[in-house]
Amino acid sequence: MATVEQHLQDLTQTHNGAAHAGEDIPVENPATGEIVATVPDLGADAVAEMAAQARAAQPGWEAFGFEGRARVLLRAQKWLMDNAEQVVSTIVSETGKTFEDASLAEIGYAGNAFGFWAKRAPNYLADERVKTSQKLVLGKKIILRYRPLGLIGVIGPWNYPLTNSFGDCIPALAAGNSVILKPSEITPLTSLLMAEGLRECGLPENVLQIATGRGETGAALVEEVDMIMFTGSTRTGRKVAETAARRLIPASLELGGKDPMLVLSDADVERAANFATYYSMQNAGQTCISIERVYVEEPVYDDFVAKVAEKVRALRVGKPEGPGSVEVGAITFPPQMETIKDHVADAVQKGARVLTGGSEVQGPGRFFEPTVLVDVDHSMKCMTEETFGPTLPIMKVRDAEEAVRLANDSPYGLGASVFSRDTERGEAIARRLEAGAANVNDAMINYTVLELPMGGAKASGLGSRHGAGGIRKYCSQQAIVVTPKLAMKKEVFMYPYKSRTSRLLAGFFKLLYGRGKRD
Ligand code: NDP
(Lines give C-alpha, C1' and ligand atoms only; values in the text may rest on other atoms or scores of the structure.)
Protein backbone atom coordinates (compact mmCIF):
# COMPACT_ATOMS: atom_id res chain seq x y z
CA MET A 1 0.00 0.00 0.00
CA ALA A 2 1.44 3.40 -0.94
CA THR A 3 2.41 6.00 1.67
CA VAL A 4 -0.68 8.17 1.15
CA GLU A 5 -2.97 5.22 1.65
CA GLN A 6 -0.94 3.98 4.65
CA HIS A 7 -1.25 7.40 6.24
CA LEU A 8 -4.98 7.43 5.58
CA GLN A 9 -5.36 3.92 6.95
CA ASP A 10 -3.66 5.06 10.18
CA LEU A 11 -5.94 8.09 10.27
CA THR A 12 -9.06 6.05 9.74
CA GLN A 13 -8.09 3.52 12.41
CA THR A 14 -7.57 6.14 15.10
CA HIS A 15 -10.50 8.14 13.80
CA ASN A 16 -12.87 8.98 16.58
CA GLY A 17 -12.86 5.64 18.35
CA ALA A 18 -16.65 5.87 18.46
CA ALA A 19 -19.05 2.96 18.20
CA HIS A 20 -19.39 1.49 14.72
CA ALA A 21 -22.83 0.81 13.30
CA GLY A 22 -21.88 -1.83 10.84
CA GLU A 23 -19.04 -3.38 8.89
CA ASP A 24 -16.13 -1.13 7.99
CA ILE A 25 -16.52 0.47 4.58
CA PRO A 26 -13.92 -0.44 1.95
CA VAL A 27 -12.81 2.50 -0.22
CA GLU A 28 -12.16 1.46 -3.79
CA ASN A 29 -10.00 3.18 -6.39
CA PRO A 30 -12.49 3.28 -9.31
CA ALA A 31 -9.63 3.44 -11.82
CA THR A 32 -8.10 0.15 -10.69
CA GLY A 33 -10.68 -1.68 -8.61
CA GLU A 34 -8.17 -1.89 -5.71
CA ILE A 35 -9.24 -1.26 -2.12
CA VAL A 36 -7.12 1.64 -0.88
CA ALA A 37 -8.42 1.93 2.69
CA THR A 38 -11.33 1.09 4.96
CA VAL A 39 -13.26 3.51 7.16
CA PRO A 40 -15.64 2.91 10.05
CA ASP A 41 -19.38 2.96 9.49
CA LEU A 42 -20.42 5.26 12.34
CA GLY A 43 -23.95 4.91 13.58
CA ALA A 44 -26.47 7.18 15.27
CA ASP A 45 -24.88 6.76 18.73
CA ALA A 46 -21.48 7.79 17.45
CA VAL A 47 -22.99 10.78 15.64
CA ALA A 48 -24.80 11.87 18.83
CA GLU A 49 -21.52 11.60 20.74
CA MET A 50 -19.73 13.67 18.12
CA ALA A 51 -22.50 16.26 18.24
CA ALA A 52 -22.10 16.62 22.02
CA GLN A 53 -18.34 17.09 21.61
CA ALA A 54 -18.88 19.60 18.80
CA ARG A 55 -21.32 21.64 20.91
CA ALA A 56 -18.83 21.72 23.78
CA ALA A 57 -16.07 22.93 21.45
CA GLN A 58 -18.09 25.60 19.58
CA PRO A 59 -18.09 28.48 22.10
CA GLY A 60 -14.28 28.38 22.28
CA TRP A 61 -14.05 28.54 18.50
CA GLU A 62 -16.55 31.38 18.32
CA ALA A 63 -14.45 33.22 20.94
CA PHE A 64 -11.46 33.11 18.54
CA GLY A 65 -13.25 35.97 16.75
CA PHE A 66 -12.98 36.65 13.02
CA GLU A 67 -9.26 37.39 13.26
CA GLY A 68 -8.38 34.24 15.16
CA ARG A 69 -10.47 32.06 12.87
CA ALA A 70 -9.03 33.73 9.76
CA ARG A 71 -5.52 32.96 11.01
CA VAL A 72 -6.36 29.24 11.17
CA LEU A 73 -8.07 29.29 7.75
CA LEU A 74 -5.19 31.14 6.10
CA ARG A 75 -2.75 28.67 7.63
CA ALA A 76 -4.93 25.91 6.16
CA GLN A 77 -4.71 27.61 2.75
CA LYS A 78 -0.90 27.40 2.90
CA TRP A 79 -1.08 23.86 4.30
CA LEU A 80 -3.19 22.85 1.30
CA MET A 81 -0.68 24.33 -1.13
CA ASP A 82 2.27 22.73 0.71
CA ASN A 83 0.51 19.36 0.70
CA ALA A 84 -1.23 19.68 -2.68
CA GLU A 85 0.46 16.59 -4.09
CA GLN A 86 -0.74 14.40 -1.24
CA VAL A 87 -4.27 15.82 -1.39
CA VAL A 88 -4.44 15.36 -5.18
CA SER A 89 -3.19 11.75 -4.87
CA THR A 90 -5.83 11.08 -2.23
CA ILE A 91 -8.62 12.56 -4.36
CA VAL A 92 -7.42 10.61 -7.41
CA SER A 93 -7.15 7.39 -5.40
CA GLU A 94 -10.77 7.48 -4.24
CA THR A 95 -12.48 9.08 -7.28
CA GLY A 96 -10.36 7.84 -10.20
CA LYS A 97 -10.50 11.35 -11.69
CA THR A 98 -7.59 12.85 -13.62
CA PHE A 99 -4.84 14.78 -11.84
CA GLU A 100 -5.94 17.90 -13.72
CA ASP A 101 -9.57 17.56 -12.61
CA ALA A 102 -8.39 17.13 -9.00
CA SER A 103 -5.94 19.98 -9.25
CA LEU A 104 -7.96 22.64 -11.04
CA ALA A 105 -11.47 22.11 -9.75
CA GLU A 106 -10.58 20.91 -6.24
CA ILE A 107 -7.21 22.29 -5.04
CA GLY A 108 -7.79 25.52 -7.01
CA TYR A 109 -11.26 25.93 -5.54
CA ALA A 110 -10.33 25.14 -1.93
CA GLY A 111 -7.21 27.32 -2.03
CA ASN A 112 -9.34 30.24 -3.16
CA ALA A 113 -12.14 29.44 -0.70
CA PHE A 114 -9.91 29.39 2.41
CA GLY A 115 -8.65 32.90 1.59
CA PHE A 116 -12.02 34.21 0.46
CA TRP A 117 -13.95 33.22 3.59
CA ALA A 118 -11.11 34.19 5.93
CA LYS A 119 -11.13 37.70 4.45
CA ARG A 120 -14.82 38.16 3.66
CA ALA A 121 -16.48 36.64 6.72
CA PRO A 122 -15.96 39.80 8.84
CA ASN A 123 -17.66 41.95 6.16
CA TYR A 124 -20.53 39.63 5.39
CA LEU A 125 -21.24 39.05 9.08
CA ALA A 126 -20.44 42.48 10.47
CA ASP A 127 -23.09 44.15 12.62
CA GLU A 128 -25.28 46.35 10.42
CA ARG A 129 -26.41 49.71 11.83
CA VAL A 130 -29.91 49.97 10.41
CA LYS A 131 -31.52 53.27 9.43
CA THR A 132 -35.28 53.32 9.83
CA SER A 133 -38.11 55.65 8.92
CA GLN A 134 -40.10 54.30 11.89
CA LYS A 135 -40.79 57.32 14.13
CA LEU A 136 -41.43 55.29 17.29
CA VAL A 137 -37.74 54.36 17.54
CA LEU A 138 -36.24 57.77 16.85
CA GLY A 139 -32.95 58.17 18.74
CA LYS A 140 -32.48 54.46 19.36
CA LYS A 141 -29.56 52.34 18.17
CA ILE A 142 -30.80 49.66 15.77
CA ILE A 143 -28.56 46.76 14.86
CA LEU A 144 -28.86 43.65 12.72
CA ARG A 145 -26.45 41.07 14.02
CA TYR A 146 -25.39 37.63 12.72
CA ARG A 147 -24.49 34.98 15.23
CA PRO A 148 -23.32 31.43 14.46
CA LEU A 149 -26.07 28.82 14.63
CA GLY A 150 -23.88 26.45 16.65
CA LEU A 151 -23.48 23.04 15.04
CA ILE A 152 -23.64 22.67 11.27
CA GLY A 153 -23.99 19.34 9.46
CA VAL A 154 -22.51 19.05 5.98
CA ILE A 155 -23.39 16.03 3.84
CA GLY A 156 -21.35 15.71 0.70
CA PRO A 157 -21.31 13.70 -2.52
CA TRP A 158 -18.56 11.67 -4.14
CA ASN A 159 -17.90 13.73 -7.28
CA TYR A 160 -15.87 16.49 -5.57
CA PRO A 161 -14.68 15.29 -2.16
CA LEU A 162 -12.74 18.50 -1.53
CA THR A 163 -14.81 21.17 -3.30
CA ASN A 164 -18.35 20.01 -2.64
CA SER A 165 -17.99 18.09 0.61
CA PHE A 166 -15.25 19.85 2.48
CA GLY A 167 -15.72 23.20 0.70
CA ASP A 168 -19.01 23.90 2.49
CA CYS A 169 -17.32 23.46 5.87
CA ILE A 170 -15.09 26.50 5.26
CA PRO A 171 -17.72 29.28 5.48
CA ALA A 172 -19.51 27.41 8.28
CA LEU A 173 -16.26 27.41 10.29
CA ALA A 174 -15.43 31.01 9.33
CA ALA A 175 -18.78 32.05 10.84
CA GLY A 176 -17.80 30.48 14.18
CA ASN A 177 -19.71 27.19 14.07
CA SER A 178 -18.50 23.73 14.76
CA VAL A 179 -19.07 21.30 11.91
CA ILE A 180 -19.65 17.60 11.40
CA LEU A 181 -19.02 16.52 7.83
CA LYS A 182 -20.50 13.28 6.49
CA PRO A 183 -18.63 12.56 3.28
CA SER A 184 -19.95 10.07 0.76
CA GLU A 185 -19.12 6.50 1.77
CA ILE A 186 -17.46 6.23 -1.66
CA THR A 187 -14.96 9.07 -1.05
CA PRO A 188 -14.28 9.67 2.67
CA LEU A 189 -10.47 9.86 2.55
CA THR A 190 -10.02 13.44 1.37
CA SER A 191 -12.21 14.74 4.21
CA LEU A 192 -10.21 12.79 6.80
CA LEU A 193 -6.97 14.17 5.40
CA MET A 194 -8.29 17.75 5.41
CA ALA A 195 -9.49 17.41 9.01
CA GLU A 196 -6.01 16.25 9.95
CA GLY A 197 -4.53 19.23 8.09
CA LEU A 198 -6.79 21.68 9.90
CA ARG A 199 -5.79 20.24 13.26
CA GLU A 200 -2.15 20.84 12.30
CA CYS A 201 -3.13 24.43 11.50
CA GLY A 202 -4.51 25.02 14.99
CA LEU A 203 -8.20 24.22 14.63
CA PRO A 204 -9.28 23.20 18.14
CA GLU A 205 -10.24 19.61 18.81
CA ASN A 206 -13.82 18.62 17.82
CA VAL A 207 -14.58 21.87 15.96
CA LEU A 208 -14.49 19.85 12.73
CA GLN A 209 -15.28 16.14 12.86
CA ILE A 210 -15.73 13.64 10.06
CA ALA A 211 -18.59 11.18 10.43
CA THR A 212 -17.75 8.38 8.04
CA GLY A 213 -20.57 6.04 7.22
CA ARG A 214 -23.38 5.20 4.87
CA GLY A 215 -26.69 6.92 4.19
CA GLU A 216 -27.96 6.12 7.69
CA THR A 217 -25.07 8.09 9.18
CA GLY A 218 -26.16 11.08 7.08
CA ALA A 219 -29.75 10.64 8.24
CA ALA A 220 -28.56 10.49 11.88
CA LEU A 221 -26.58 13.68 11.38
CA VAL A 222 -29.66 15.60 10.20
CA GLU A 223 -31.29 14.62 13.50
CA GLU A 224 -28.52 16.25 15.56
CA VAL A 225 -27.47 19.52 13.97
CA ASP A 226 -28.77 23.10 14.00
CA MET A 227 -28.59 23.44 10.22
CA ILE A 228 -27.88 21.06 7.36
CA MET A 229 -26.00 21.73 4.13
CA PHE A 230 -26.60 18.91 1.68
CA THR A 231 -25.22 18.24 -1.80
CA GLY A 232 -26.34 15.19 -3.73
CA SER A 233 -29.32 13.75 -5.54
CA THR A 234 -32.76 15.36 -5.57
CA ARG A 235 -34.19 12.11 -4.18
CA THR A 236 -32.02 12.16 -1.03
CA GLY A 237 -32.28 15.96 -0.82
CA ARG A 238 -36.04 15.61 -0.38
CA LYS A 239 -35.54 13.19 2.53
CA VAL A 240 -33.11 15.59 4.17
CA ALA A 241 -35.56 18.48 3.70
CA GLU A 242 -38.38 16.43 5.24
CA THR A 243 -36.36 15.75 8.38
CA ALA A 244 -35.23 19.36 8.55
CA ALA A 245 -38.85 20.50 8.29
CA ARG A 246 -39.92 18.17 11.10
CA ARG A 247 -37.07 19.42 13.28
CA LEU A 248 -37.60 23.04 12.20
CA ILE A 249 -33.97 23.55 11.28
CA PRO A 250 -32.79 25.36 8.13
CA ALA A 251 -31.59 23.28 5.19
CA SER A 252 -29.58 24.34 2.16
CA LEU A 253 -29.75 21.86 -0.70
CA GLU A 254 -27.64 21.66 -3.86
CA LEU A 255 -29.18 18.90 -5.95
CA GLY A 256 -29.17 17.46 -9.41
CA GLY A 257 -28.96 19.27 -12.71
CA LYS A 258 -29.45 18.84 -16.45
CA ASP A 259 -27.64 21.92 -17.67
CA PRO A 260 -28.46 23.04 -21.22
CA MET A 261 -26.13 24.83 -23.62
CA LEU A 262 -27.65 26.94 -26.39
CA VAL A 263 -25.61 27.59 -29.52
CA LEU A 264 -27.11 30.41 -31.58
CA SER A 265 -26.47 30.81 -35.30
CA ASP A 266 -24.15 33.78 -34.73
CA ALA A 267 -21.95 31.93 -32.22
CA ASP A 268 -18.22 31.49 -32.51
CA VAL A 269 -18.63 27.82 -33.37
CA GLU A 270 -15.03 26.85 -32.65
CA ARG A 271 -15.23 28.34 -29.14
CA ALA A 272 -18.65 26.80 -28.54
CA ALA A 273 -17.37 23.37 -29.63
CA ASN A 274 -14.33 23.59 -27.33
CA PHE A 275 -16.52 24.60 -24.38
CA ALA A 276 -19.11 21.91 -25.09
CA THR A 277 -16.37 19.29 -25.23
CA TYR A 278 -14.56 20.41 -22.08
CA TYR A 279 -17.54 21.13 -19.85
CA SER A 280 -19.36 17.92 -20.74
CA MET A 281 -16.31 15.64 -20.34
CA GLN A 282 -14.45 17.40 -17.49
CA ASN A 283 -14.51 15.18 -14.38
CA ALA A 284 -15.92 12.49 -16.72
CA GLY A 285 -19.18 14.45 -16.77
CA GLN A 286 -19.71 13.92 -13.04
CA THR A 287 -20.32 17.54 -12.14
CA CYS A 288 -23.68 18.91 -11.08
CA ILE A 289 -23.16 21.81 -13.53
CA SER A 290 -21.76 19.77 -16.44
CA ILE A 291 -23.17 20.56 -19.85
CA GLU A 292 -25.64 17.67 -20.18
CA ARG A 293 -27.49 18.64 -23.39
CA VAL A 294 -26.93 21.04 -26.30
CA TYR A 295 -29.42 22.85 -28.55
CA VAL A 296 -27.94 24.20 -31.78
CA GLU A 297 -29.62 26.51 -34.28
CA GLU A 298 -29.94 24.89 -37.69
CA PRO A 299 -27.48 27.06 -39.71
CA VAL A 300 -24.48 26.10 -37.53
CA TYR A 301 -25.59 22.64 -36.46
CA ASP A 302 -23.52 20.56 -38.93
CA ASP A 303 -20.37 22.58 -38.35
CA PHE A 304 -20.77 22.42 -34.55
CA VAL A 305 -21.46 18.68 -34.52
CA ALA A 306 -18.48 17.91 -36.77
CA LYS A 307 -16.15 19.95 -34.59
CA VAL A 308 -17.40 18.45 -31.30
CA ALA A 309 -17.26 14.87 -32.63
CA GLU A 310 -13.66 15.37 -33.76
CA LYS A 311 -12.60 16.88 -30.43
CA VAL A 312 -14.34 14.23 -28.32
CA ARG A 313 -12.90 11.43 -30.48
CA ALA A 314 -9.40 12.70 -29.64
CA LEU A 315 -9.87 12.40 -25.86
CA ARG A 316 -7.93 9.72 -24.01
CA VAL A 317 -9.86 7.80 -21.37
CA GLY A 318 -8.38 5.53 -18.71
CA LYS A 319 -6.42 5.25 -15.49
CA PRO A 320 -4.73 8.53 -14.59
CA GLU A 321 -1.01 7.72 -14.33
CA GLY A 322 0.01 11.29 -13.54
CA PRO A 323 -0.50 14.78 -14.95
CA GLY A 324 -1.03 14.82 -18.73
CA SER A 325 -1.77 11.08 -19.01
CA VAL A 326 -5.52 11.08 -19.85
CA GLU A 327 -8.32 13.61 -20.34
CA VAL A 328 -11.20 11.53 -19.01
CA GLY A 329 -10.97 9.52 -15.79
CA ALA A 330 -13.09 6.91 -14.09
CA ILE A 331 -16.76 6.63 -13.22
CA THR A 332 -16.53 7.06 -9.47
CA PHE A 333 -19.85 5.66 -8.25
CA PRO A 334 -20.54 2.05 -9.35
CA PRO A 335 -24.34 2.44 -9.99
CA GLN A 336 -23.61 5.49 -12.16
CA MET A 337 -22.27 3.20 -14.89
CA GLU A 338 -25.69 1.56 -15.19
CA THR A 339 -27.39 4.97 -15.50
CA ILE A 340 -25.00 6.09 -18.24
CA LYS A 341 -25.39 2.85 -20.20
CA ASP A 342 -29.15 2.99 -19.77
CA HIS A 343 -29.37 6.57 -21.09
CA VAL A 344 -27.25 5.75 -24.16
CA ALA A 345 -29.14 2.51 -24.88
CA ASP A 346 -32.50 4.26 -24.45
CA ALA A 347 -31.46 7.01 -26.88
CA VAL A 348 -30.18 4.55 -29.50
CA GLN A 349 -33.30 2.43 -29.20
CA LYS A 350 -35.42 5.54 -29.85
CA GLY A 351 -33.44 6.56 -32.95
CA ALA A 352 -30.36 8.47 -31.78
CA ARG A 353 -27.00 8.01 -33.50
CA VAL A 354 -23.69 7.57 -31.63
CA LEU A 355 -21.02 9.62 -33.41
CA THR A 356 -18.23 8.51 -31.11
CA GLY A 357 -17.95 6.37 -27.98
CA GLY A 358 -21.12 4.78 -26.66
CA SER A 359 -19.73 1.89 -24.62
CA GLU A 360 -18.20 0.95 -21.31
CA VAL A 361 -14.45 0.43 -21.52
CA GLN A 362 -13.55 -3.13 -20.51
CA GLY A 363 -11.80 -3.27 -17.09
CA PRO A 364 -9.78 -3.13 -14.96
CA GLY A 365 -11.31 0.00 -13.51
CA ARG A 366 -14.63 1.64 -14.38
CA PHE A 367 -14.59 3.83 -17.49
CA PHE A 368 -17.06 4.95 -20.13
CA GLU A 369 -16.03 6.14 -23.59
CA PRO A 370 -16.48 9.87 -24.21
CA THR A 371 -19.70 9.85 -26.20
CA VAL A 372 -21.50 12.17 -28.62
CA LEU A 373 -25.14 11.51 -29.46
CA VAL A 374 -27.17 13.19 -32.22
CA ASP A 375 -30.74 12.88 -33.57
CA VAL A 376 -31.91 13.13 -29.98
CA ASP A 377 -35.16 14.55 -28.63
CA HIS A 378 -37.05 14.95 -25.36
CA SER A 379 -38.58 11.48 -25.48
CA MET A 380 -35.11 10.22 -24.49
CA LYS A 381 -33.70 9.98 -20.97
CA CYS A 382 -30.37 11.45 -22.10
CA MET A 383 -32.20 14.78 -22.68
CA THR A 384 -34.41 14.82 -19.61
CA GLU A 385 -32.74 12.91 -16.76
CA GLU A 386 -29.40 13.57 -15.10
CA THR A 387 -26.83 11.30 -16.77
CA PHE A 388 -23.74 12.33 -14.78
CA GLY A 389 -21.32 10.77 -17.25
CA PRO A 390 -19.08 11.58 -20.24
CA THR A 391 -21.92 11.88 -22.75
CA LEU A 392 -23.02 14.82 -24.85
CA PRO A 393 -26.37 14.70 -26.67
CA ILE A 394 -26.76 17.44 -29.30
CA MET A 395 -30.14 18.46 -30.72
CA LYS A 396 -30.88 20.61 -33.79
CA VAL A 397 -33.42 23.40 -33.22
CA ARG A 398 -35.24 25.69 -35.68
CA ASP A 399 -34.47 28.89 -33.81
CA ALA A 400 -33.56 30.45 -30.47
CA GLU A 401 -37.19 30.37 -29.31
CA GLU A 402 -37.30 26.61 -29.65
CA ALA A 403 -33.94 26.36 -27.85
CA VAL A 404 -35.25 28.41 -24.90
CA ARG A 405 -38.46 26.38 -24.71
CA LEU A 406 -36.58 23.07 -24.69
CA ALA A 407 -33.93 24.33 -22.26
CA ASN A 408 -36.69 25.22 -19.81
CA ASP A 409 -38.51 21.95 -20.39
CA SER A 410 -36.82 20.29 -17.40
CA PRO A 411 -37.56 19.73 -13.72
CA TYR A 412 -34.02 20.94 -13.05
CA GLY A 413 -32.54 24.44 -13.14
CA LEU A 414 -28.97 24.54 -11.87
CA GLY A 415 -26.85 26.13 -14.62
CA ALA A 416 -27.08 27.02 -18.31
CA SER A 417 -25.02 28.61 -21.05
CA VAL A 418 -25.66 30.56 -24.23
CA PHE A 419 -23.22 31.08 -27.07
CA SER A 420 -23.71 34.09 -29.36
CA ARG A 421 -21.39 36.78 -30.76
CA ASP A 422 -24.15 39.28 -29.97
CA THR A 423 -23.61 39.44 -26.22
CA GLU A 424 -26.71 41.59 -25.64
CA ARG A 425 -28.87 38.98 -27.33
CA GLY A 426 -27.01 36.25 -25.45
CA GLU A 427 -27.68 38.00 -22.14
CA ALA A 428 -31.34 38.57 -22.99
CA ILE A 429 -31.71 34.83 -23.66
CA ALA A 430 -29.73 33.92 -20.52
CA ARG A 431 -32.24 35.97 -18.48
CA ARG A 432 -35.09 33.83 -19.84
CA LEU A 433 -33.52 30.53 -18.77
CA GLU A 434 -34.92 28.93 -15.61
CA ALA A 435 -31.57 28.29 -13.98
CA GLY A 436 -29.73 29.46 -10.88
CA ALA A 437 -26.82 30.57 -13.07
CA ALA A 438 -26.45 31.34 -16.77
CA ASN A 439 -23.16 32.02 -18.55
CA VAL A 440 -22.86 33.78 -21.90
CA ASN A 441 -20.05 32.45 -24.13
CA ASP A 442 -18.76 30.37 -21.24
CA ALA A 443 -19.98 27.59 -18.96
CA MET A 444 -19.65 26.63 -15.30
CA ILE A 445 -17.33 29.59 -14.69
CA ASN A 446 -19.82 31.26 -12.35
CA TYR A 447 -18.84 28.62 -9.77
CA THR A 448 -15.40 30.21 -9.40
CA VAL A 449 -16.90 33.62 -8.59
CA LEU A 450 -17.26 33.17 -4.85
CA GLU A 451 -18.97 36.57 -4.55
CA LEU A 452 -21.93 35.23 -6.60
CA PRO A 453 -24.64 32.98 -5.16
CA MET A 454 -24.55 29.46 -6.54
CA GLY A 455 -27.82 27.61 -6.18
CA GLY A 456 -30.50 25.89 -8.16
CA ALA A 457 -33.95 26.72 -9.41
CA LYS A 458 -36.80 24.19 -9.45
CA ALA A 459 -35.76 20.65 -8.38
CA SER A 460 -32.09 21.63 -8.37
CA GLY A 461 -32.20 22.86 -4.82
CA LEU A 462 -33.00 25.36 -2.14
CA GLY A 463 -30.73 28.12 -0.91
CA SER A 464 -27.26 28.74 -2.25
CA ARG A 465 -23.59 28.56 -1.48
CA HIS A 466 -21.13 31.44 -2.00
CA GLY A 467 -21.75 35.17 -1.68
CA ALA A 468 -23.18 36.87 1.40
CA GLY A 469 -26.01 34.33 1.57
CA GLY A 470 -23.47 31.49 1.49
CA ILE A 471 -22.21 32.39 4.98
CA ARG A 472 -25.23 34.12 6.48
CA LYS A 473 -27.16 30.86 6.14
CA TYR A 474 -24.86 29.42 8.82
CA CYS A 475 -26.00 32.15 11.21
CA SER A 476 -29.16 33.28 12.90
CA GLN A 477 -30.11 36.93 12.65
CA GLN A 478 -30.60 38.91 15.80
CA ALA A 479 -32.30 42.28 15.83
CA ILE A 480 -31.01 44.55 18.60
CA VAL A 481 -32.64 47.84 19.60
CA VAL A 482 -30.86 49.92 22.25
CA THR A 483 -32.63 52.85 23.95
CA PRO A 484 -30.29 55.57 25.28
CA LYS A 485 -30.16 56.01 29.05
CA LEU A 486 -31.69 59.51 28.97
CA ALA A 487 -35.05 58.22 27.87
CA MET A 488 -38.50 59.22 29.17
CA LYS A 489 -39.92 57.23 32.07
CA LYS A 490 -42.69 55.93 29.84
CA GLU A 491 -43.97 56.22 26.28
CA VAL A 492 -47.03 58.28 25.39
CA PHE A 493 -49.07 55.26 24.18
CA MET A 494 -48.75 53.38 27.48
CA TYR A 495 -51.31 52.87 30.27
CA PRO A 496 -53.62 54.34 31.39
CA TYR A 497 -55.45 54.75 28.08
CA LYS A 498 -57.03 58.22 27.76
CA SER A 499 -59.37 59.37 25.02
CA ARG A 500 -57.34 62.58 24.39
CA THR A 501 -54.08 60.64 23.89
CA SER A 502 -55.83 58.12 21.65
CA ARG A 503 -57.24 60.94 19.49
CA LEU A 504 -53.80 62.53 19.32
CA LEU A 505 -52.20 59.26 18.23
CA ALA A 506 -54.92 58.69 15.59
CA GLY A 507 -54.24 62.21 14.26
CA PHE A 508 -50.52 61.51 14.28
CA PHE A 509 -50.96 58.39 12.11
CA LYS A 510 -53.23 60.32 9.71
CA LEU A 511 -50.59 62.99 9.43
CA LEU A 512 -47.89 60.42 8.78
CA TYR A 513 -49.68 58.07 6.40
CA GLY A 514 -52.94 59.71 5.34
CA ARG A 515 -51.76 62.74 3.37
CA GLY A 516 -51.62 62.83 -0.43
CA LYS A 517 -53.88 62.06 -3.37
CA ARG A 518 -56.16 59.00 -3.60
CA ASP A 519 -56.53 57.21 -6.95
P1 NDP B 1 -27.07 10.75 -2.68
O2 NDP B 1 -27.91 11.95 -2.75
O3 NDP B 1 -27.69 9.46 -2.36
O4 NDP B 1 -25.89 10.96 -1.62
C5 NDP B 1 -25.33 12.20 -1.27
C6 NDP B 1 -24.89 12.13 0.18
O7 NDP B 1 -26.01 11.91 1.03
C8 NDP B 1 -23.92 10.99 0.47
O9 NDP B 1 -22.98 11.37 1.44
C10 NDP B 1 -24.85 9.93 1.00
O11 NDP B 1 -24.19 8.96 1.77
C12 NDP B 1 -25.79 10.76 1.84
N13 NDP B 1 -27.08 10.12 2.13
C14 NDP B 1 -27.65 9.04 1.55
N15 NDP B 1 -28.88 8.80 2.09
C16 NDP B 1 -29.08 9.73 3.04
C17 NDP B 1 -30.15 10.03 3.93
N18 NDP B 1 -31.27 9.31 3.97
N19 NDP B 1 -30.03 11.09 4.74
C20 NDP B 1 -28.93 11.87 4.72
N21 NDP B 1 -27.87 11.63 3.90
C22 NDP B 1 -27.94 10.58 3.07
O23 NDP B 1 -26.30 10.70 -4.02
P24 NDP B 1 -25.54 9.48 -4.65
O25 NDP B 1 -24.16 9.58 -4.19
O26 NDP B 1 -26.24 8.18 -4.40
O27 NDP B 1 -25.70 9.83 -6.19
C28 NDP B 1 -26.96 9.64 -6.80
C29 NDP B 1 -27.17 10.66 -7.90
O30 NDP B 1 -27.13 11.98 -7.38
C31 NDP B 1 -26.10 10.63 -8.94
O32 NDP B 1 -26.40 9.63 -9.84
C33 NDP B 1 -26.19 12.01 -9.49
O34 NDP B 1 -27.17 12.02 -10.49
C35 NDP B 1 -26.63 12.87 -8.32
N36 NDP B 1 -25.53 13.61 -7.70
C37 NDP B 1 -25.55 14.96 -7.71
C38 NDP B 1 -24.51 15.67 -7.18
C39 NDP B 1 -24.45 17.16 -7.18
O40 NDP B 1 -23.36 17.71 -7.11
N41 NDP B 1 -25.56 17.86 -7.21
C42 NDP B 1 -23.35 15.00 -6.61
C43 NDP B 1 -23.46 13.58 -6.58
C44 NDP B 1 -24.52 12.92 -7.11
P45 NDP B 1 -23.61 7.65 1.06
O46 NDP B 1 -22.80 8.08 -0.12
O47 NDP B 1 -22.77 7.08 2.12
O48 NDP B 1 -24.82 6.85 0.66
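Visitor: Which residues form a positive surface patch?

Guide: This is a predicted model, in which local features need pLDDT of at least 70, side-chain atom pairs count only at pLDDT 80 or more, and totals for chains, interfaces and linings use all residues. Residues are numbered from 1 along each chain as its sequence is written, and side-chain values use heavy atoms, with hydrogens and water left out. A patch takes residues with over 30% relative accessible area and no salt bridge, joining like charges within 9 Å and nonpolar side chains (Val, Leu, Ile, Met, Phe, Trp, Tyr) within 5 Å. The positive patch is formed by Lys490, Lys498, Arg500 and Arg503.

Visitor: Is arginine 500 buried or exposed?

Guide: Arginine 500 belongs to helix H18, which covers residues 499-513. Buried means under 20% relative accessible area, exposed over 50%, and partly exposed in between (1.4 Å probe, protein chains only). Because its relative accessible area is 61%, arginine 500 is exposed.

Visitor: What is the area of the nonpolar surface patch that includes Phe493?

Guide: Phenylalanine 493 sits in the loop between strand S22 (475-482) and H18. With a relative accessible area of 39%, phenylalanine 493 is partly exposed. Together, Leu136, Val492, Phe493 and Met494 make a nonpolar patch of about 380 Å².

Visitor: How many disulfides does the structure hold?

Guide: A disulfide is a pair of cysteine sulfur atoms within 2.5 Å. The sulfur of cysteine 169 is too far for a bond, because the closest cysteine sulfur, in cysteine 201, is 15 Å away. Cysteine 382 is in no disulfide either, its nearest cysteine sulfur, that of cysteine 288, being 20 Å away. The number of disulfides in the structure is zero.

Notes
Areas by Shrake-Rupley, 256 points an atom, 1.4 Å probe, with all protein chains shown as cover. Salt bridge = Lys/Arg side-chain N within 4 Å of Asp/Glu carboxyl O. Lys, Arg positive; Asp, Glu negative; His and termini not counted. Charge placed at Lys NZ, Arg CZ, Asp CG, Glu CD. Helix = DSSP H or I, 4+ residues; strand = E, 2+ residues; numbered from the N terminus.
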